[in-house]
Amino acid sequence: PDIKVYNLLIKGYAKLDRPDFEKARALFEECLNSKVTPTIVTVSSVVNAYCSAGLPRKAEAFIQSVVSNLPELKLNQNSTLFNTLIKGYTKCRCKVLTNTCNCLVCGCSNPDEALRIVQKMEEYGLAPDEITFNGVIDSLCSSGRFLHAKKVIDNIMSSDMSKVKPSLRTYTIFLQGVLRSL
């Protein structure tokens, strides 16, 4: 198979009701063993499989191993990869396992880790985008940290680095988070 076939198969494993990160990772290894050069899409798809299964730390470890072994992919220069990691840290673990969040205040998502990933992005010179911020804001709101979410919105508005400004979607996420807590 060529890289397009590997990418499609790996994406498929990530999109299952119960994402199969093991098979996604095995296909990645098979791709390497077949001397087919993975792309950023290949790596992002494996990362998505881990994150969709609620395993963002394993996704990060996978990224580190790929960065070490395949530096030519320049993974540190790709915001999609970082946004996928942020999604992994901000996703409610109940929702991953049962498709429903049963948390009044979500203790399963990890907005602090998501904020750490945003900081890493900035260290690599990548400007966070609307997807980045909306994920972090949603996670902060789900965790009951509305003032911190508001502060993130304020920082976006005043940041020189970010060309992104809060959108209607950003404010909707914030307001829905506040309303959920009432």
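**Helices, core and contacts**

Colleague: Where is the place of Gly54?

Modeller: This is a predicted model, in which local features need pLDDT of at least 70 and side-chain atom pairs count only at pLDDT 80 or more, whereas totals for chains, interfaces and linings use all residues. Residues are numbered from 1 along each chain as its sequence is written, and side-chain values use heavy atoms, with hydrogens and water left out. Helices are DSSP runs of H or I with at least four residues, strands are runs of E with at least two, and both are numbered from the N terminus. In these terms, the place of Gly54 is in the loop between α3 and α4 (56–69).

Colleague: Is Gly54 buried or exposed?

Modeller: A residue is buried when its relative accessible area is under 20%, exposed when it is over 50%, and partly exposed in between, using a 1.4 Å probe and protein chains only. The relative accessible area of Gly54 is 15%, so Gly54 counts as buried.

Colleague: How many helices are there in the protein?

Modeller: From the N terminus on, the elements run α-α-α-α-α-α-α-α-α-α. The protein has zero strands, and the number of helices is 10.

Colleague: Within what arc do the buried residues of α1 fall?

Modeller: The buried residues of α1 are Ile3, Tyr6, Asn7, Ile10 and Ala14. The arc is taken over the directions from the helix axis to the C-beta atoms, and the buried residues line one face of the helix because, seen down the axis of α1, they fall within an arc of 100°.

Colleague: How many residues has the largest nonpolar core?

Modeller: A nonpolar core is a set of buried Ala, Val, Leu, Ile, Met, Phe, Trp, Tyr and Cys residues joined through side-chain atoms within 4.5 Å. Among those with the most contacts inside the largest core are Phe28, Val47 and Phe62, and the number of residues in this core is 46. Its largest share, six residues, comes from helix α3 (residues 40–52).

Colleague: What angle lies between the planes of Phe82 and Tyr124?

Modeller: Rings of Phe, Tyr and Trp (its six-membered ring) pair if their centres lie within 6.5 Å, with planes under 30 degrees apart counted as stacked, over 60 as edge-to-face and the rest as tilted. The structure holds four aromatic pairs. The pair of Phe82 and Tyr124 is tilted, at 5.9 Å centre to centre, and the angle between the planes is 45°.

Colleague: How many residues apart in sequence are the parts that the pair of Phe82 and Tyr124 ties together?

Modeller: Phe82 counts as buried at 7% relative accessibility, and Tyr124 counts as partly exposed at 38%. Since Phe82 lies in helix α5 (residues 79–90) and Tyr124 in the loop between α7 (111–123) and α8 (130–142), the pair ties together parts whose separation in sequence, in residues, is 42.
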